Amino acid sequence: MLGNFFEYFLETGSNEGRLAVLGATSGDTGSAAIYGLRGKKGIDCIILFPRGRVSPIQERQMTTVQDSNIHCVAVEGTFDDCQDLVKASFNSPEFRDRVKLGAVNSINWCRVLAQTTYYFWSYLRVTDDPAFKDAKVGFSVPTGNFGDILAGFYSKQMGLPVGKLIVATNENDILHRFFTKGEYHREPIQHSISPSMDICVSSNFERYLFFLAGNDSSKLAEWMKNFEETKKLTISGEFLERAQNDFTSARADTQMTLDTIREYSDKYGYVLCPHAAVGVNAIHQTGDVNETMVSLATAHEGKFPAAVKRAVDPLPTPPEQLANLLDLPTRVSECPNDLKAVQDFMQQRIEERMASASA
């Protein structure tokens with residue numbers, strides 16, 4: 001959807017007819033952006049991902065795309081490092097204007113807006129059953145970057161009859177600590193079996209904090225300034241009470257996640273991916289296993305064979321689309337965790353592609 005919007009407006013001459021989309025991914029957003037932007041006229045798509053911290057299949061979903069406008073970049077560091085490079089680039093006005101910088105992940109409001117459709121569609125499917133036509137529908141959302149569940153929160157604000165919103169985290173539990181103790185304290189990343197959630201600072205969380213602060217931009221600026229300086233944001237009293245009224249949370253570590261994958265495979269013949277299993281485990285922890293609770297599944301289990309095999313052996317046959325990735329050639333570049341190096345790489349690749357296109 002967004003790729004088509006971009007291409008349409010660029011062809012009208014908007015933004016001087018070109019756009020450099022820069023994104024950071026912890027695994028899934030990158031391939032979605034790449035497939036949405038591949039071959040689009042006037043667009044370069046540069047996706048940063050942490051080297052060795054996405055699954056091999058997730059990496060191949062990105063690096064097997066051979067279109068000349070797609071540039072996959074493995075960065076030495078974590079997803080948070082990649083995300084910081086993206087934010088710093090947007091905060092560099094001269095570079096931003098020179099390359100015509102744009103965003104496609106949840107930095108772009110359109111991403112969050114599109115995700116609201118998950119909640120409306122799911123609500124309508126649950127309430128198709130006459131027994132639940134007047135019910136509020138709850139959602140458990142495995143999350144690290146707080147984008148998908150924020151879309152659920154906005155859906156509720158728009159009037160959708162949403163019950164509980166459960167923030168489900170893995171060992172990287174900054175969000176769980178916030179909603180249980182009011183402590184949004186940055187800690188080192190822990191490498192887990194659900195790598196798309198291995199995030200220690202959630203880029204979308206600032207949007208919720210703005211709401212929590214009563215849409216007071218000065219209060220939000222004070223909170224974020226303090227967080228940038230101390231790596232800690234602590235709330236209590238009325239603010240914490242309001243946050244806990246908006247969201248419930250739970251944390252599932254690796255063993256709990258594996259136990260859930262094994263249990264659902266044995267009992268129901270359904271193999272959960274490690275991220276989806278975190279969301280399912282959360283509803284068991286909070287006692288919300290019922291017909292009006294939806295647990296969002298974020299990826300196919302075939303993307304994470306090494307992790308899933310620790311709970312389910314033998315593995316199910318992977319989908320043909322994923323299996324075929326193993327035989328395709330790949331194209332990937334590497335950059336250090338350095339802003340100038342990444343920006344120089346972008347500039348060079350954009351110039352090379354534009355020169356080739358005009359030849």
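Phe-5 is located in helix α1, which spans residues 2-11; helices (H or I, at least four residues) and strands (E, at least two) are taken as DSSP runs and numbered from the N terminus. The model is predicted, so that local features require pLDDT of at least 70 and side-chain atom pairs count only at pLDDT 80 or more, whereas totals for chains, interfaces and linings use all residues. Residues are numbered from 1 along each chain as its sequence is written, and side-chain values use heavy atoms, with hydrogens and water left out.

With a relative accessible area of 41%, Phe-5 is partly exposed, a class that lies between buried (under 20% relative accessible area) and exposed (over 50%), with a 1.4 Å probe and protein chains only. Together with Met-1, Tyr-8 and Phe-9, Phe-5 forms a nonpolar surface patch whose accessible area is about 480 Å² in total. Patches consist of residues with over 30% relative accessible area and no salt bridge, like charges being joined within 9 Å and nonpolar side chains (Val, Leu, Ile, Met, Phe, Trp, Tyr) within 5 Å.

Backbone geometry was examined next. Most residues other than glycine have a negative phi, and most peptide bonds are trans. Asn-15, by contrast, has a positive phi near 60 degrees; this residue lies in the loop between α1 and β1 (19-24) and is partly exposed at 38% relative accessibility. Asn-215 likewise has a positive phi near 60 degrees, and its relative accessible area of 48% makes Asn-215 partly exposed. The peptide bond from Asp-313 to Pro-314 is cis, with omega near 5 degrees, and Pro-314 is placed in the loop between α14 (305-308) and α15 (320-323).

The loop that holds Asn-215 runs between α9 and α10. Two packed helices are described by the angle between their axes and the distance between the axes. For helix α9 (residues 205-212) and helix α10 (residues 217-230), the axes come within 9 Å and cross at roughly 130 degrees. Axes are lines fitted to C-alpha atoms, for helices over the stretch in contact, and angles run from 0 to 180 degrees between N-to-C directions. The helices α9 and α10 are therefore oblique to each other, since angles under 35 degrees count as roughly parallel, over 145 as roughly antiparallel, 65 to 115 as roughly perpendicular and the rest as oblique. The crossing of α9 and α10 is right-handed, the near helix being turned clockwise from the far one by less than a right angle (anticlockwise for left-handed).

Salt bridges were assigned where a side-chain nitrogen of Lys or Arg lies within 4 Å of a carboxyl oxygen of Asp or Glu, and the count comes to 21. Within α10, Glu-222 and Lys-219 are 3 residues apart, about one turn of the helix, and their side chains form a salt bridge at 3.8 Å, N to O. Glu-222 is partly exposed at 48%, as is Lys-219 at 23%. In helix α5 (residues 93-99), Arg-98 and Glu-94 are 4 residues apart and thus separated by about one helical turn; they meet in a salt bridge of 2.8 Å, N to O. Arg-98 is partly exposed at 35% relative accessibility, whereas Glu-94 is exposed at 51%. Arg-177 and Asp-173 are both buried, and the closest N and O atoms of their salt bridge are 2.9 Å apart. A network of salt bridges links Asp-173, Arg-177, Glu-187 and Arg-251.

Terms used: Areas by Shrake-Rupley, 256 points an atom, 1.4 Å probe, with all protein chains shown as cover.
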